[in-house]
Amino acid sequence: MKGTEHLLKRGLRKSGMRISTLSMRGRVSADRPYAWMDQGLCRKFPPEVFFPEKGNPGREADLAKQICQSCPVINECLEYALGNRDWFGVWGGTTGTERQAIHRG
Ligand code: SF4
């Protein structure tokens with residue numbers, strides 16, 4: 001859950017929701033709009049893999065992108081990141097730079 005909890009907290013901050021809506025396990029307790037995150041393969045990896053140091057993503061971004069390609073919620077994840085205009089870290093198999101390019105069309 002470690003990796004996904006990090007994603008969830010970032011998403012909640014961006015959406016304006018309060019972090020206190022998280023349960024003790026880091027899940028949204030009400031209607032769980034982010035339930036898809038429970039299926040993310042990134043849960044099995046350290047957050048640093050998906051959030052490599054800014055300006056030095058290098059091979060870590062490549063590893064994260066490879067993991068994403070096998071993830072059952074890659075589409076939900078990419079849609080979420082694009083919808084929240086989150087340009088930091090690997091989401092849905094893309095880097096922030098790649099998502100910005102998608103966003104610009
Ligand atoms: S697509 Fe990648 S970043 Fe998104 S939930 Fe799956 S493994 Fe995590």
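Figure 1. Let's start with the overall picture: the protein chain has five helices and zero strands. Following the sequence from one end to the other gives the pattern α-α-α-α-α. Of its 105 residues, 23% count as buried. Among contacts between residues at least 6 apart in sequence, 53% join residues at least 24 apart.

**Figure 2. Confidence along the chain.** The average pLDDT of the protein chain is 77, and 65% of the residues score at least 70. Among the elements, helix H1 (residues 2-15) has the lowest mean pLDDT, 49, while H4 has the highest, 97. Over residues 12-29 the pLDDT stays under 50, and the model has 19 contacts beyond four places in sequence for this stretch. Where pLDDT is low, the predicted coordinates should not be read in detail.

**Figure 3. The shell around the ligand.** Here we look at the 14 residues around the ligand, of which Gly40, Cys42, Cys68, Cys71 and Cys77 come nearest. Helix H3 (58-69) and helix H4 (74-83) are the elements that give two or more residues to this shell. By residue type, the shell divides into eleven nonpolar, three polar and no charged residues.

**Figure 4. The largest nonpolar core.** This view shows the twelve residues of the largest nonpolar core: Cys42, Phe50, Phe51, Ala61, Ala64, Ile67, Cys68, Cys77, Tyr80, Ala81, Val90 and Trp91. H3 and H4 each supply at least two residues of this core, and H3 gives the most, with four residues. In soluble globular proteins, nonpolar side chains tend to be buried together. Take a moment with Ile67, one of the core residues. Leaving aside its neighbours within four places in sequence, Ile67 is in contact with Leu41, Cys42 and Phe45. Two of the cysteines seen around the ligand, Cys42 and Cys68, come among the nearest residues there and also belong to this core.

**Figure 5. The two sides of helix H4.** The buried residues of H4 are Cys77, Tyr80 and Ala81. Seen down the axis of H4, these buried residues fall within an arc of 95°, so they line one face of the helix. The face turned away from that buried side carries the exposed residues Asn75 and Gly83. Cys77, Tyr80 and Ala81 are also part of the largest nonpolar core, and Cys77 is among the residues that come nearest to the ligand.

Figure 6. H4 is followed by Arg85, which is found in the loop between H4 and helix H5 (96-104). Arg85 has a positive phi of about 50° although it is not a glycine. For context, most residues other than glycine have a negative phi. Arg85 counts as exposed because it has 11 C-beta neighbours inside 10 Å, and the cut-off for exposed is 12 or fewer.

**Figure 7. Pro72, in the loop between H3 and H4.** Our last stop is Pro72, which lies in the loop between H3 and H4. Pro72 is exposed, with 11 other C-beta atoms within 10 Å. Along the chain, Pro72 and Trp36 are 36 residues apart, yet their C-alpha atoms are separated by 9.0 Å.

Note on methods. Residues are numbered from 1 along each chain as its sequence is written. This is a predicted model: local features need pLDDT of at least 70, side-chain atom pairs count only at pLDDT 80 or more; totals for chains, interfaces and linings use all residues. A residue is near a molecule or strand if its C-beta atom, placed from the backbone, lies within 6 Å of it. Ala, Val, Leu, Ile, Met, Phe, Trp, Tyr, Cys and Pro count as nonpolar, Asp, Glu, Lys and Arg as charged, and the others, Gly among them, as polar. A residue is buried if 20 or more other C-beta atoms lie within 10 Å of its own, exposed if 12 or fewer, and partly exposed in between; C-beta atoms are placed from the backbone. Two residues are in contact if their C-beta atoms, placed from the backbone, lie within 7 Å. The arc is that of the directions from the helix axis to the C-beta atoms. A nonpolar core is a set of buried Ala, Val, Leu, Ile, Met, Phe, Trp, Tyr and Cys residues joined through C-beta atoms within 7 Å. pLDDT is the predictor's confidence in each residue, from 0 to 100.
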